[in-house]
Amino acid sequence: MIIILLGAPGAGKGTQSEILQERLNMMHVSSGDLLREHRKRGTELGKVAESYMTRGDLVPDDLVIAMIVERLAAPDVEHGIILDGFPRTGPQAAALDEALDTKGRRVNAALYINVEHDVLVNRLSGRLTCRLAGHIYHEVFAPPRVPGICDIDGAELYQRDDDKRETAAKRLEVYFEQTRPVIEYYRERGSLCEVNGDQSVEKVAQDLVDCLR
Ligand code: AMP
């Protein structure tokens, strides 16, 4: 089973991926996490990606596609995968279909978490991320039990550079211009299921699981 999670930055893709990964026993692959790893390790890709990411722009298609195709070839995703943050452009969606087709696989469902623009701005500007495993909190809507510390693994929480107000606004602009067409791509293929993302985390998760039934 190959599931794609679609939605703007701040829509809850990361949080919901973690829940779905556990409930469905599938591998969660986030293109943003993979790129942040490359930056941390200082790889060639990480160095090139850095300037795009800090501006809030998309990393060029050919680089991201190559990274994801390589990840899809690993044995741990054979049984199922939740793709989060990819595809983000029409060419990425087409490249994914092509890569899967050569293996006799296809996207089974594209789950779209829909959240309004104003809500997204508020969510992104207060978002806190766990430095160790990427667990997500919010200063106001989902604070950790101890300020600055992840409830799950005790790691430090930080604000991602690209969650700062100006870059976050730019990322939303990029999303509405370049990524929204991807939603139409899957709608036309009949694999899109839309969920209202402005509900409790638990209710959104339930609606997503219902989509898969
Ligand atoms: P995310 O963690 O999904 O919000 O991604 C953080 C940043 O990584 C984005 O703002 C982009 O700069 C880059 N990125 C992640 N996924 C992609 C993608 N599929 N295509 C291009 N750039 C991406």
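Author: Start with the open side of helix α2. Lys40 and Arg41 are exposed there, on the face turned away from the buried side. Exposed means over 50% relative accessible area, buried under 20%, and partly exposed in between, with a 1.4 Å probe and protein chains only. Helices (H or I, at least four residues) and strands (E, at least two) are DSSP runs, numbered from the N terminus.

A note on the basis. This is a predicted model, where local features need pLDDT of at least 70 and side-chain atom pairs count only at pLDDT 80 or more, while totals for chains, interfaces and linings use all residues. Residues are numbered from 1 along each chain as its sequence is written, and side-chain values use heavy atoms, without hydrogens or water.

Now the covered side. α2 spans residues 31–41, and its buried residues are Ser31, Gly32, Leu34, Leu35 and His38. They line one face of the helix, because they fall within an arc of 165 degrees seen down the axis. That arc is taken from the directions from the helix axis to the C-beta atoms. An α-helix has 3.6 residues a turn, so residues three or four places apart point the same way. The cover over the buried residues of α2 includes β2 (27–30), α3 (44–55), α4 (61–72) and β3 (81–84). Contact here means heavy atoms within 4.5 Å. After α2 comes Gly42, with a positive phi near 70 degrees.

Next, the core. A nonpolar core is a set of buried Ala, Val, Leu, Ile, Met, Phe, Trp, Tyr and Cys residues joined through side-chain atoms within 4.5 Å. The largest one has 51 residues, and those touching the most other members are Ile4, Leu6, Ile68, Leu83, Leu96, Tyr186 and Leu208. Helix α7 (residues 165–188) gives the largest share of this core, seven residues. Another core lies apart from it, with six residues, among them Leu128, Cys130, Tyr137 and Ala155.

Look at Ile4. Beyond its neighbours within four places in sequence, Ile4 is in contact with Leu83, Phe86, Pro87, Leu96, Val107, Ala109, Ala110, Leu111 and Tyr186. Ile4 also stands opposite Ala110 in β4. Strand β1 (residues 2–6) pairs with β4 in the parallel sense, over four bridges. Two strands count as paired if DSSP finds at least two bridges between them. β4 (residues 109–114) is mostly covered, with five of its six residues buried. β4 pairs with β8 too, in the parallel sense over five bridges. The partner of Ala110 in β8 is Leu192.

The structure holds one, a disulfide being a pair of cysteine sulfur atoms within 2.5 Å. Cys193 is joined to Cys211, with S to S at 1.9 Å. The link is left-handed, at -70 degrees about the S-S bond. Cys193 lies in strand β8 (residues 192–196) and Cys211 in helix α8 (residues 201–212), so the bond ties together parts 18 residues apart in sequence. Cys193 is partly exposed at 24% relative accessibility. Cys211 is partly exposed as well, at 23%.

Cys130 is in no disulfide, and its nearest cysteine sulfur, that of Cys150, is 4.0 Å away. That separation is too far for a bond. Cys130 is buried at 2% relative accessibility, and Cys150 is buried at 3%.
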